[in-house]
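Open the model in your viewer and keep the selection tool at hand.

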Amino acid sequence: MKKTPKVLATAADLDARRACINTETKDKIFMCAGGGCIASGAMAVKTALLAELKKHKLDKTVSIVETGCMGPCSGGPILLMGRDNVYYQHVAVTDAAEIVEKHLLKGEIVERLTWKEGPKQKSVPVQSDIPFFKRQTKIVLRNCGIVDPNSLDDTIGRNGYQALSKMLTSMTPDAVIEEVKKSGLRGRGGAGFPTHIKWAAARQSPGDVKYVLCNADEGDPGAFMDRSVLEGDPHSVIEGMLIGGFAIGSSQGYVYVRAEYPLAVERLQRAIEMAREAGLLGQNILGSGYAFDLEIRKGSGAFVCGEETALMASIEGRRGEPRPRPPFPAQKGLWKKPTVLNNVETFANIPFIILNGGDAFASYGTAKSKGTKVFALAGAVNISGLVEVPVGTPLNDVVFDIAGGIKDGKSFKAAQIGGPSGGCIPAEYLKVPLDYESLNELGAIMGSGGLIVIDEDACMVDVARFFVDFVREESCGKCVPCREGTRRMLEILTRICNGQGEMADLERLSTLGNSIKSTSLCGLGQTAANPVLSTLRHFMDEYKAHILDKKCPAGKCTKLVTYDIDAEACVGCTACARRCPVACIAGVAKGIHVIDQKVCTRCGTCYNVCKFKAVRRNGKTK
Amino acid sequence: MVKTEKKCTCGGMAASDADNHARLAQVIEEYQHKPGALIPVLQIAQALFGYLPKDVLRTISEGLNEPYSRVFGVVTFYSFFSQVPRGKYVIRVCMGTACYVRGGQAVLAALEQELKISVGQTTPDRVFSLDVGRCFGACGLAPAVMVNDDVHQFVQPGQIKDILAQYRKPTA
């Protein structure tokens, strides 16, 4: 038997260790242990499975691998049977016995737990046949859902740290930057700035001390790509940062992670320790003389710290307030030293680019935007979770072909993309390719990848108000346009939602929005008006309905909603009258009930409790 | 602040407070020469004491040789730092986009009703504090509620009582 080197002193040691790793999946059950599936009870399922394996004396041969996010979070807990790639979802503790007895012992598929596709709910047992997986292209998520993030060997077995080894044995820093340039990789944090330009600028900046920072302060509500990468494949991020450090001449990196992501912090910390023990972080990495180490810094709940200069202020131990540029971080960044800051997803792409070449990466995507993009799908879609598609894939394909369309047979109204900095794309632009330029033209942005699908039940004015309220709360207060402007915008929007708006408010919103956009200090303020401006552009009818007709078409803005009772349908069960908090419903048992509109607070309780579809909201029943 | 808060009923609290101060001194010692130590030290201190009372801030200010004004400025800037005692369990109701559009508000209202406190407050027995969160990245499971580090998914207002019960009993 070959000897497995514990400390990898040279590139040959890494090869030797890889050669010893058994990549056979036959006797493995892969279990998604992403944050979503853990919340769905995956760990209890694991305990139950282990007990069943033991009962059937399979515990010595079959093992359960805890992986990172497999993608379809709404289907959790999820299992993938290594023997035949059969995919099980919504697995409960009580299913463990059947899975072991039927699948493992008899080789039969447990149909009721398989993926169901289409209106006829046809069973699609094998993962590679499922449209959700089949239509994706995984570069960033290449290891997510396959490797155990707590096992260094799992990653090495999937070519982990191979790009590092290739770089240290055969590449110069300039060659690394050239390869990144060839790949056409653009920053995945939102702005889409070409990565190689940042790296080259930091490399050229004079100084012995330089820093590599990873922005894992994924604050956009509706985004969980970076969390999933850190939880599912932390070594790819570490490797990407090691490569970045070599390219710019840095020996110290920091990962700035949100405090809301305890599991990501835990797994990343463990991965850093494992890499250090194996000699992949620290002095003289793989015998090359290159030294690099990493430290995690946890955020403390300030959205603005996702902005690069605010993030650096926060690492320095100060209030996370942005500062004007120039000087750019590549010249004067963390502790006034040249600094490169990239997002988690950007770094996770780097090992692929170095190992397979920039051209391989550039073969995906559009003329101006290369590679793939990870999107976090949520909202009114049938399958919410994490997907990765080539840049330029039409929105339509993502929402309908991959995510299975809109929940409960409702209709697609808009896709909110890019979080509080982004905008809403209406149904007529469903064919838009998801790339930086096309989305900008529609007043949205690619952003970090949060994609929230909105159905007919949501009010677009309310959605705009939600985001403005978010940025108002999160504005650091340093510059006036953002601090005061977002507050004024919120006041106007609240007025409109309450039925007190006037047509001149629309003009005010647009003028105010555009001035906030052009005069704010940092990206937070510069994009704060996007949700308002994009809804004004695409959903003017809804604004007008609120202002002119004093109606909220979606029935969301409570002050503009009316409830009444359909005399034909009311059976006089008294449920609504008993629950009404202001006692404004008159009627006796078995008699028709009537709502007193003058007293009604429009809380909707009657609408929700009525079992006979007699209570109507804006004239419509449930 | 009400004076009786300092009187504790659990007995061992006073001793553990001294332990916490000793531990804080160690942490300051350890971090003293690290650049950018203030925020990590504040995070550890908050985890030890549950909140950041004035005397703790003063110790940190002196220990790290940072002006008190700066320490105070940092504490008030970040929403995770609290200068008032918090509950044993901090409940954060996600108000991110996905949770908002899928009924997060109704869940928050149910919690407020059940705990009889509003956002930012702590129950008199100091078991629960109620906060609003900004997206936990659990959007696929909306609406989500976090109790300390546990994420609860697809929460319906009707489940609130059961969820709280899990945390109420094992205090013994």
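Among contacts in chain A between residues at least 6 apart in sequence, what percentage join residues at least 24 apart? The figure is 71%, where two residues are in contact if their C-beta atoms, placed from the backbone, lie within 7 Å.

A word on the ground rules. This is a predicted model, in which local features need pLDDT of at least 70 and side-chain atom pairs count only at pLDDT 80 or more, while totals for chains, interfaces and linings use all residues. Residues are numbered from 1 along each chain as its sequence is written, and chains are lettered from A and ligands numbered from 1 in the order in which they are written.

**Stop 1: all of chain A**

Select chain A and colour it by secondary structure. Along the principal axes, the C-alpha atoms of chain A fill a box of roughly 85 × 65 × 40 Å. Of the 622 residues in chain A, 55% are buried. A residue is buried if 20 or more other C-beta atoms lie within 10 Å of its own, exposed if 12 or fewer, and partly exposed in between, with C-beta atoms placed from the backbone.

**Stop 2: a sheet of chain A**

Now look for the open sheet of four strands in chain A, in the order β2-β1-β3-β4 with mixed pairing. Strands β2 (63–67) and β4 (86–88) of chain A are at the edges with a single partner strand each, so one side of each has no neighbour in the sheet. Zoom in on β1 (residues 28–32) of chain A, which pairs with β2(A) in the parallel sense over five bridges; two strands pair if DSSP finds at least two bridges between them. Click on A:Cys32 and you will see A:Thr67 of β2(A) opposite.

**Stop 3: a hairpin**

Select residues 412–417 and 423–426 of chain A, which are strands β13 and β14. These strands pair in the antiparallel sense over four bridges. A:Ala414 has A:Pro426 in β14(A) as its bridge partner. Five residues lie between the two strands of this hairpin, where A:Gly418 takes a positive phi near 90°.

**Stop 4: helix α23 of chain A**

Which residues of helix α23 (residues 540–547) of chain A are buried? They are A:Glu542, A:Tyr543, A:His546 and A:Ile547. Look down the axis of α23(A): these buried residues fall within an arc of 135°, so they line one face of the helix. The arc is that of the directions from the helix axis to the C-beta atoms. On the other side of α23(A), A:Met540 and A:Asp541 are exposed. Show α18 (460–474), α19 (480–497), α20 (503–519) and α22 (530–538) of chain A too, as the buried residues of α23(A) pack against them.

**Stop 5: chain B and the contact**

Switch to chain B, with its seven helices and four strands. Where it meets chain A, the contact takes 32 residues from chain B and 40 residues from chain A. The largest share of chain B's side, four residues, comes from α5(B).
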